[in-house]
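Student: I have a new structure open and would like to learn how to read it. Could you walk me through its features one by one?

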Amino acid sequence: MTQPSEQREQDLIWLTEKAYSALQEQLAGLRSESRSDVVAKISAAREEGDLRENGGYHAAREEQGKLESQIRQLEDLLRGADTTPAADDGVVKPGMVVSTRFAGDDDVETFLLGAREMDDFTGDLTVYSPQSPLGTALLGAKRSDTVAYTAPTGRQLKVEIVDAVPYTG
């Protein structure tokens, strides 16, 4: 795991220990059982003869390519992940539960700033990526700060940080 000081906060892939462990298990399953299944499909299709016109063989090879891509993606994610709890200093950074209010609106929205892969582990709490336009604008801001950012629609928005506390799961 990479320590936060070695990476820019915007690029930090923050995961809970639970999410990190679950993704490691998923990767282990892909490397062993899933790979074995695909290799068996390829071998069975090879035994059918002419590979140029063998739809089963080509389908299995395509499945193998997708599987290897998924394995590489998970390896990269886990290699760059950090599970260190965020400091409780009110500064927005990955691993923080952030409450915000958009200018002109009284509604407060609360979300976790972290890796999107954590969606399955946070219950009803929405996860926003630090690389998203909102996440990028919020990084480094403190409670009661107002920041502006450009939404994907091109609209300029202002948001006030109501609170920022470490995620406790």
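Student: Where is Thr83 found?

Tutor: Thr83 sits in the loop between strand S2 (81-82) and S3; helices (H or I, at least four residues) and strands (E, at least two) are DSSP runs, numbered from the N terminus. This is a predicted model, in which local features need pLDDT of at least 70 and side-chain atom pairs count only at pLDDT 80 or more, while totals for chains, interfaces and linings use all residues. Residues are numbered from 1 along each chain as its sequence is written, and side-chain values use heavy atoms, with hydrogens and water left out.

Student: Is Thr83 buried or exposed?

Tutor: The scale works like this: buried means under 20% relative accessible area, exposed over 50%, and partly exposed in between (1.4 Å probe, protein chains only). Thr83 has 9% relative accessibility, so Thr83 counts as buried.

Student: What does the side chain of Thr83 make a polar contact with?

Tutor: A polar contact is a pair of N or O atoms within 3.5 Å; within protein, one must be able to donate a hydrogen and the other to accept it, and residues adjacent in sequence count only if both atoms are side-chain atoms. For Thr83 the partner is the side chain of Glu17, at 2.8 Å.

Student: In which sense do S6 and strand S7 pair?

Tutor: Two strands pair if DSSP finds at least two bridges between them. S6 and S7 (residues 156-166) have 5 bridges and pair in the antiparallel sense. Ala148, for instance, has Lys158 in S7 as its bridge partner, and Thr146 stands opposite Glu160 in S7. The hairpin of these two strands has 5 residues between them, and there Gly154 takes a positive phi near 95 degrees.

Student: How many bridges join S3 to S7?

Tutor: There are 7 bridges, and S3 and S7 run antiparallel. Here Arg101 stands opposite Glu160 in S7.

Student: What do the side chains of Glu160 and Arg101 meet in?

Tutor: Side chains of opposite charge can pair when their charged atoms come close. The test for a salt bridge is a side-chain nitrogen of Lys or Arg within 4 Å of a carboxyl oxygen of Asp or Glu. Glu160 and Arg101 meet in a salt bridge (3.5 Å, N to O). This pair links distant parts of the chain, with Glu160 in strand S7 and Arg101 in strand S3 (residues 96-102), 59 residues apart. Glu160 is partly exposed at 27% relative accessible area, and Arg101 is partly exposed at 25%.

Student: How many salt bridges does a search of the whole structure find?

Tutor: The search finds 9. One of them joins the side chains of Glu68 and Arg35 (2.8 Å, N to O). Glu68 lies in helix H2 (residues 55-79) and Arg35 in helix H1 (residues 17-46), so this pair ties together parts that are 33 residues apart in sequence. Another salt bridge joins Asp76 and Arg79 (2.7 Å, N to O); both lie in helix H2, 3 residues apart, about one turn of the helix. Asp88, Arg143 and Asp163 are linked in a network of salt bridges.

Student: Which residues have the most contacts inside the largest nonpolar core?

Tutor: A nonpolar core is a set of buried Ala, Val, Leu, Ile, Met, Phe, Trp, Tyr and Cys residues joined through side-chain atoms within 4.5 Å. The largest one has 24 residues, and those with the most contacts inside it are Leu15, Leu23, Leu74, Leu78, Leu112 and Met118. H1 gives the largest share of this core, 8 residues. A second, separate core of 18 residues includes Leu113, Leu138, Ala151 and Ala164.

Student: How many aromatic pairs does the structure hold?

Tutor: It holds 2 aromatic pairs. Rings of Phe, Tyr and Trp (its six-membered ring) pair if their centres lie within 6.5 Å; planes under 30 degrees apart count as stacked, over 60 as edge-to-face and the rest as tilted. The rings of Trp14 and Tyr167 have centres 6.1 Å apart and planes at 80 degrees, so this pair is edge-to-face. Both Trp14 and Tyr167 are buried.
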